[in-house]
Amino acid sequence: MKFVTAVIKPMKFTEVKAALDKAGVSGLTVSEVSGVGRQKGQTQVYRGAEYSSNMLPKIKLEIAVSDAFADTVIAILREAASTGEIGDGKVFVFDLAEVLRVRTGEQGDLAL
Ligand SMILES: Nc1ncnc2c1ncn2[C@@H]1O[C@H](COP(=O)(O)OP(=O)(O)OP(=O)(O)O)[C@@H](O)[C@H]1O
Ligand SMILES: [Mg+2]
């Protein structure tokens with residue numbers, strides 16, 4: 001199993017979520033986060049608010065998937081999260097040792 005963490009532009013969240021739903025992603029966790037990438041110190045305007053620090057609002061997605069499904073999810077993120085501009089985000093992929101569905105006690109792929 002893999003654990004895919006993606007940091008994306010908030011304006012792209014609806015499109016990314018729809019694409020993941022369509023592909024059959026069964027669950028995910030979403031957080032509102034702040035982050036910074038390579039353009040450190042660059043002041044940008046986001047929805048009318050100027051951020052004087054170099055932190056920008058982003059959406060973080062966390063998705064646990066089977067090994068067989070990981071490349072599909074990464075490809076969806078590449079396509080649906082892209083605007084072609086700076087700040088489009090990053091995708092981090094981890095090996096996932098174990099998953100437990102608390103209600104049933106199922107583990108591994110069965111628990112996804
Ligand atoms: N090396 C990193 N480690 C952890 N989080 C990162 C890293 N790089 C980027 N991020 C996260 O991803 C968000 C988006 O990064 P961003 O897309 O600006 O990366 P970038 O490398 O600057 O690429 P680009 O040049 O396309 O802007 C950041 O706000 C931050 O939350
Ligand atoms: Mg950047």
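Reply: **The shell around ligand 1**

By class, 4 nonpolar, 5 polar and 4 charged residues make up the shell around ligand 1; here Ala, Val, Leu, Ile, Met, Phe, Trp, Tyr, Cys and Pro count as nonpolar, Asp, Glu, Lys and Arg as charged, and the others, Gly among them, as polar. The model is predicted: local features need pLDDT of at least 70 and side-chain atom pairs count only at pLDDT 80 or more, while totals for chains, interfaces and linings use all residues. Residues are numbered from 1 along each chain as its sequence is written, chains are lettered from A and ligands numbered from 1 in the order in which they are written, and side-chain values use heavy atoms, with hydrogens and water left out.

In total, 13 residues surround ligand 1, and the closest are Arg-38, Gln-39, Gly-87, Gly-89 and Lys-90 (near means that a heavy atom of the residue lies within 4 Å). On its own, ligand 1 has 610 Å² of accessible area, of which the protein covers 70% (Shrake-Rupley method, 1.4 Å probe).

Strand β6 (residues 89-95) supplies the largest share of this shell, 3 residues; strands are DSSP runs of E with at least two residues, and helices are runs of H or I with at least four, numbered from the N terminus. β6 belongs to an open sheet of 4 strands in the order β2-β5-β1-β6, with antiparallel pairing (at least two DSSP bridges between two strands). Both β6 and β2 (29-35) are edge strands with a single partner each, so one side of each has no neighbour in the sheet. Neighbouring strands are turned by 20° against each other on average, direction ignored.

The partner of β6 is β1 (residues 2-8), joined to it in the antiparallel sense over 7 bridges, among them the one between Phe-3 and Phe-94. β1 also pairs with β5 over 7 antiparallel bridges, and Val-4 stands opposite Ile-63 there.

Helix α1 (residues 13-23) touches β1, β2 and β5 (56-65), its direction making about 10° with that of β5. Helix α2 (residues 67-80) touches β1, β5 and β6, at about 155° to β5; angles run from 0 to 180 degrees between N-to-C directions of axes fitted to C-alpha atoms, for helices over the stretch in contact.

Terms used:
Contact = heavy atoms within 4.5 Å.
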